[in-house]
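Trainee: I would like to learn how to read a model of this kind, one feature at a time. Could we begin with the idea of a contact and work outwards from there?

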Amino acid sequence: MGYWDLTEGTDCVQKTWITAKMGTALGLVGSAYHIVAFQPESALAAVQRATNATVTMATMGAIFGMATCLSAQAREAPDDPLNYFIGGCASGIFLGARTHNAMTGTSACLGLGTLAFFTKVGKMEGWKLAGPPKL
């Protein structure tokens with residue numbers, strides 16, 4: 001069962017688990033590319049770098065899933081794209097706290113919140129980024 005298969009505002013634990021797994025996968029892929037592009041000095045440094053990035057992305061995914069679901073429940077508006085903005089913003093705030101930088105948190109809040117908002121709007125309205133070629 002995927003993220004979009006679950007009803008909005010219900011089964012918050014399952015949604016959080018799914019988004020945490022997605023964040024973990026993105027963190028692993030991103031850290032692998034980072035390790036290849038910027039060679040660490042030792043294997044221990046590579047493991048530390050990969051763990052740091054993966055745990056951060058997994059946590060951001062979990063925060064997004066939980067904040068989105070809880071805001072849908074609290075606001076009693078399950079299909080409102082604002083719930084996704086709240087979840088993305090909460091993830092961005094965590095990133096700012098993680099980096100000890102308020103500007104990073106503010107920028108990430110606005111950026112991730114806006115991205116999540118338009119992802120939900122696009123899903124609701126059936127937007128397609130790519131489709132089959134027109135022949």
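Mentor: Contact means heavy atoms within 4.5 Å. Leaving aside neighbours within four places in sequence, Ala77 is in contact with Ala72 and Asn83. This is a predicted model, in which local features need pLDDT of at least 70 and side-chain atom pairs count only at pLDDT 80 or more, while totals for chains, interfaces and linings use all residues. Residues are numbered from 1 along each chain as its sequence is written, and side-chain values use heavy atoms, with hydrogens and water left out.

Trainee: Where is Ala77 found, and what separates the C-alpha atoms of Ala77 and Gly9?

Mentor: Helices (H or I, at least four residues) and strands (E, at least two) are DSSP runs, numbered from the N terminus. On that scheme Ala77 is found in the loop between α2 and α3. Its C-alpha atom is separated by 8.1 Å from that of Gly9, although the two residues are 68 residues apart along the chain.

Trainee: How many disulfides does the structure hold?

Mentor: A disulfide is a pair of cysteine sulfur atoms within 2.5 Å, and the structure holds 2 disulfides. In one of them, Cys12 and Cys69 have their sulfur atoms 2.0 Å apart. This pair links distant parts of the chain, with Cys12 in helix α1 (residues 12–37) and Cys69 in helix α2 (residues 43–75), 57 residues apart. The link of Cys12 and Cys69 is left-handed, with -80° about the S-S bond.

Trainee: Which cysteines form the disulfide with sulfur atoms 1.7 Å apart?

Mentor: Cys89 and Cys109 form that disulfide, with their sulfur atoms 1.7 Å apart. Here too the pair links distant parts of the chain, since Cys89 lies in helix α3 (residues 81–99) and Cys109 in helix α4 (residues 102–125), 20 residues apart. The torsion about the S-S bond of Cys89 and Cys109 is about -70°, so this disulfide is left-handed. If the bonded cysteines of the protein chain are numbered in sequence order, the pairing reads 1-2, 3-4.

Trainee: Are Cys12 and Cys69 buried or exposed?

Mentor: Buried means under 20% relative accessible area and exposed means over 50%, with partly exposed in between (1.4 Å probe, protein chains only). Both Cys12 and Cys69 are buried. Cys89 counts as buried because its relative accessibility is 13%, and Cys109 counts as buried at 10%.

Trainee: How many aromatic pairs does the structure hold?

Mentor: Rings of Phe, Tyr and Trp (its six-membered ring) pair if their centres lie within 6.5 Å, and planes under 30 degrees apart count as stacked, over 60 as edge-to-face and the rest as tilted. The structure holds 5 aromatic pairs. Among them, the rings of Tyr3 and Tyr84 have their centres 6.5 Å apart and their planes at 85°, so this pair is edge-to-face. The pair links distant parts of the chain, Tyr3 in the segment before α1 and Tyr84 in helix α3, 81 residues apart. Tyr3 counts as buried at 8% relative accessibility, as does Tyr84 at 2%. Phe117 and Phe118 form an edge-to-face pair, 5.3 Å centre to centre with 90° between the planes; Phe117 is partly exposed at 28%, and Phe118 is partly exposed at 44%.

Trainee: What surrounds Tyr3, and which residues does Tyr3 touch?

Mentor: Not counting residues up to four places away in sequence, Tyr3 touches Lys15, Ile18, Thr19, Phe64, Thr68 and Tyr84. A charge sits over a ring if NZ of Lys or CZ of Arg is within 6 Å of the ring centre and within 35 degrees of the ring normal, and the charged end of Lys15 sits over the ring of Tyr3, 3.8 Å from its centre. Ring pairs also link Tyr3, Trp4, Phe64 and Tyr84 into a cluster. A nonpolar core is a set of buried Ala, Val, Leu, Ile, Met, Phe, Trp, Tyr and Cys residues joined through side-chain atoms within 4.5 Å. The largest one has 6 residues in all, namely Tyr3, Leu6, Ile18, Phe64, Tyr84 and Ala116.

Trainee: Which phi value does Asp11 have, and which does His100 have?

Mentor: Most residues other than glycine have a negative phi. Asp11 has a positive phi of about 50° although it is not a glycine; Asp11 lies in the segment before α1 and counts as partly exposed at 43% relative accessibility. His100, also not a glycine, has a positive phi of about 60°. His100 is found in the loop between α3 and α4 and is exposed, with a relative accessible area of 75%.
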